[in-house]
Amino acid sequence: MDKKIYNSIMQEHKNRVHPISVPKEQIANALYPLQTEFLNSSSNLGRQKVLDKVADLTKEVGDIEDLKDLASKTSNIKKYGSNYLGKKNNFANTNVDIVSNKAEIKTINGMQYVKVNDNDLKSNVMLDQVDLIEGNYISFHDYKDFLKKNEFDFKSSDAIYNIINTINESENFNRDSIFNNLKNNIIGSGNLESLINDNIFGNKSFKENFIETLMDASYEDLGLSVTEEEIKELDPTNDGKISMEDAVVIFGKLTEDKNQTIDYVAEYFTKFAEQNRTKPNLQDQNKEQTGYDPYEFA
């Protein structure tokens, strides 16, 4: 999905004037039979039951609005980073359906479920972790959890910055110690999807840097323990040249194993720490400054 189109759709929802974006016709169709039931009720108990149904309907509408608001915030780079659409489980198509009133929503046993867009259903590898109703309906609760997992990992980012700034104050660089610290205390327990796809340093992510170096065979500059033999074996075209398309496929295969991926990411940030440890107050520098890219490898 095009990033500009996606952000525009999300922004349109955030800019709405009326706080309720659920179509009036949809609300009216739900209220009309309740109105009829209330008028035809001959007892206070019967009318109270109708009022209880109205209260439930009001809550359902409020929950839908909350889900829309949460989905629309995925375009906020301060919360989800600038590479949200690059994350594996972004539910981008379903997010668009939700804020555009195109998503099918069901209430089952008092819980609301939203239909996952077919394109997201095919590409989302995390859906096997939850119980889908009728094959493609996910509960609001589980959906919100997945969106949260795609947030920018500020905690790990700050921890990495702190490690590098601590190294700046030391005369010696103990690579193994730094690597193990990053791997065991930050990367392994952090949001790996964010650390791979978000721009933790400068204007490029681990994924973008990795793919670029696969194309020009400079991945050793990133400190990654990848061999030329591995790359050749994974090359889908096997023509001796690594195109952008080849590099994306190779990257995907190299990062299929979570533990190996954690090692790659830890190696990546260890190399960054080694190359940038002479720069004071790295965390205070403006990472979004035009032309600034702190990832300068020797």
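Buried here means under 20% relative accessible area. Keep that cut-off in hand for this tour of a predicted model.

**Stop 1: two positive phi angles**

Select phenylalanine 91. Its relative accessible area is 1%, so phenylalanine 91 counts as buried. Now check the backbone: phi is positive, about 55 degrees, although the residue is not a glycine. Phenylalanine 91 sits in the loop between helix H4 (77-80) and helix H5 (92-99).

Go on to asparagine 101. This residue lies in the loop between H5 and strand S1 (105-108). Asparagine 101 also is not a glycine, and its phi is positive, near 60 degrees. Buried or partly exposed? Asparagine 101 is partly exposed, because its relative accessible area is 37%.

**Stop 2: the largest nonpolar core**

Select Ile160, Ile187, Phe206, Phe210, Leu214, Leu254 and Phe269. Among the 40 residues of the largest nonpolar core, these touch the most other members. Next, colour the helices that give two or more residues to this core: H8 (154-168), H9 (175-187), H10 (192-197), H11 (206-216), H12 (228-234), H13 (244-254) and H14 (258-276). Which helix gives the largest share? H14 does, with 8 residues.

Centre on isoleucine 160 and show its contacts. Leaving out residues up to four places away in sequence, isoleucine 160 touches Leu182, Ile186, Ile187, Leu195, Phe201 and Phe269.

**Stop 3**

Move to Leu67, Tyr80, Phe146 and Leu147. They are included in a second, separate core, made up of 27 residues. As background, nonpolar side chains in soluble globular proteins tend to be buried together.

**Stop 4: aromatic rings**

A search of the whole structure gives 14 aromatic pairs. How are the rings of tyrosine 80 and tyrosine 84 arranged? Their centres are 5.6 Å apart and their planes meet at 85 degrees, so the pair is edge-to-face.

Then select Tyr161, Phe201, Phe206, Phe210, Phe251, Tyr264, Tyr268, Phe269 and Phe272. Together they form one aromatic cluster.

**Stop 5: a lysine over a ring**

Finish at tyrosine 137. What lies over the face of its ring? Lysine 106 does, at 4.7 Å from the ring centre.

Notes. Residues are numbered from 1 along each chain as its sequence is written. This is a predicted model: local features need pLDDT of at least 70, side-chain atom pairs count only at pLDDT 80 or more; totals for chains, interfaces and linings use all residues. Side-chain values use heavy atoms; hydrogens and water are left out. Helices (H or I, at least four residues) and strands (E, at least two) are DSSP runs, numbered from the N terminus. Buried means under 20% relative accessible area, exposed over 50%, partly exposed in between (1.4 Å probe, protein chains only). A nonpolar core is a set of buried Ala, Val, Leu, Ile, Met, Phe, Trp, Tyr and Cys residues joined through side-chain atoms within 4.5 Å. Contact means heavy atoms within 4.5 Å. Rings of Phe, Tyr and Trp (its six-membered ring) pair if their centres lie within 6.5 Å; planes under 30 degrees apart count as stacked, over 60 as edge-to-face and the rest as tilted. A charge sits over a ring if NZ of Lys or CZ of Arg is within 6 Å of the ring centre and within 35 degrees of the ring normal.
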